[in-house]
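Have the sequence and the model open beside you as you go.

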Amino acid sequence: MSYYSSVNCKDCVLPRIMYNYDRNFLDVPIDEIPIKFYLLFSFTLFFLGILGIVFNRKNLINLMLSVELMLFGASLNFIFFSMYWGVYSGYIFALLIITVAAADSAIGLGILVASFYVKRSIAFESFSSLKG
């Protein structure tokens with residue numbers, strides 16, 4: 001008999017959402033936030049990123065921030081579903097997405113700084129000469 005077998009999950013400090021694999025979506029206790037609010041938050045971040053890309057095509061920094069918002073919304077979605085179902089694979093995918101987002105920012109800002117020295121502008125239209 002192990003030490004943890006005598007511990008009841010309802011007395012644990014960790015959230016109960018990690019232990020309840022078979023519960024219904026609608027019978028969430030009052031003290032927990034339902035997953036639909038988490039998903040609404042991640043969808044809002046993703047949608048704001050899409051709006052930033054669609055409506056702002058003049059500044060490359062804003063375009064990069066919009067892509068980062070989209071990646072962050074997607075990684076939050078993985079985290080929330082992982083938290084809801086009690087598996088850890090969503091955390092790993094979110095960590096990979098954050099790593100890709102950091103590399104994307106570093107490379108994008110490096111290209112932006114290098115092109116600013118040549119063009120003296122960060123406007124999107126000034127990069128039309130890069131087409132090969």
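## Exercise 1: Aromatic residues

Trp85 is partly exposed, with a relative accessible area of 48%. On this scale buried means under 20% relative accessible area, exposed over 50%, and partly exposed in between (1.4 Å probe, protein chains only). A word on the ground rules: this is a predicted model, in which local features need pLDDT of at least 70 and side-chain atom pairs count only at pLDDT 80 or more, while totals for chains, interfaces and linings use all residues. Residues are numbered from 1 along each chain as its sequence is written, and side-chain values use heavy atoms, with hydrogens and water left out.

Task: find how many aromatic pairs there are, and classify Phe43 with Phe47.

Solution. 
- Step 1. Rings of Phe, Tyr and Trp (its six-membered ring) pair if their centres lie within 6.5 Å; planes under 30 degrees apart count as stacked, over 60 as edge-to-face and the rest as tilted. This rule gives 5 aromatic pairs.
- Step 2. The ring centres of Phe43 and Phe47 are 5.9 Å apart and the planes are at 20 degrees, so this pair is stacked.
- Step 3. Both Phe43 and Phe47 sit in helix α1 (residues 35-55), 4 residues apart, which is about one turn of the helix. Helices here are DSSP runs (H or I, at least four residues), as are strands (E, at least two), numbered from the N terminus.
- Step 4. Phe47 is partly exposed at 41% relative accessible area.

Task: classify the pair Tyr84 and Trp85.

Solution. 
- Step 1. Their ring centres lie 5.1 Å apart with planes at 80 degrees, so Tyr84 and Trp85 are edge-to-face.
- Step 2. Tyr84 is buried, with 9% relative accessible area, whereas Trp85 is partly exposed at 48%.

## Exercise 2: Two packed helices

Task: describe how α2 packs with α3.

Solution. 
- Step 1. Helix α2 (residues 60-85) and helix α3 (residues 89-119) pack at about 170 degrees, their axes 8 Å apart. Axes are lines fitted to C-alpha atoms, for helices over the stretch in contact, and angles run from 0 to 180 degrees between N-to-C directions.
- Step 2. That makes α2 roughly antiparallel to α3; angles under 35 degrees count as roughly parallel, over 145 as roughly antiparallel, 65 to 115 as roughly perpendicular and the rest as oblique.
- Step 3. Contact means heavy atoms within 4.5 Å. Among the residues that meet are Leu71, Phe78 and Ile79 in α2, and Phe93, Ile97 and Leu109 in α3.
- Step 4. By class, this contact has 16 nonpolar, 5 polar and 2 charged residues.

## Exercise 3: Tyr88 and Ser66

Task: is each of Tyr88 and Ser66 buried or exposed?

Solution. 
- Step 1. Tyr88 is in the loop between α2 and α3, and at 54% relative accessibility Tyr88 counts as exposed.
- Step 2. Ser66 belongs to helix α2 and is buried, with a relative accessible area of 7%.
- Step 3. Leaving out residues up to four places away in sequence, Ser66 touches Gly49, Gly52 and Ile53.

## Exercise 4: The whole chain

Task: what is the secondary structure of the protein chain, and what is its average pLDDT?

Solution. 
- Step 1. The chain comes to 3 helices and 0 strands.
- Step 2. Its average pLDDT (the predictor's confidence in each residue, from 0 to 100) is 77, and 70% of the residues score at least 70.
- Step 3. Over residues 1-7 the pLDDT is below 50.

Definitions and conventions. Ala, Val, Leu, Ile, Met, Phe, Trp, Tyr, Cys and Pro count as nonpolar, Asp, Glu, Lys and Arg as charged, and the others, Gly among them, as polar.
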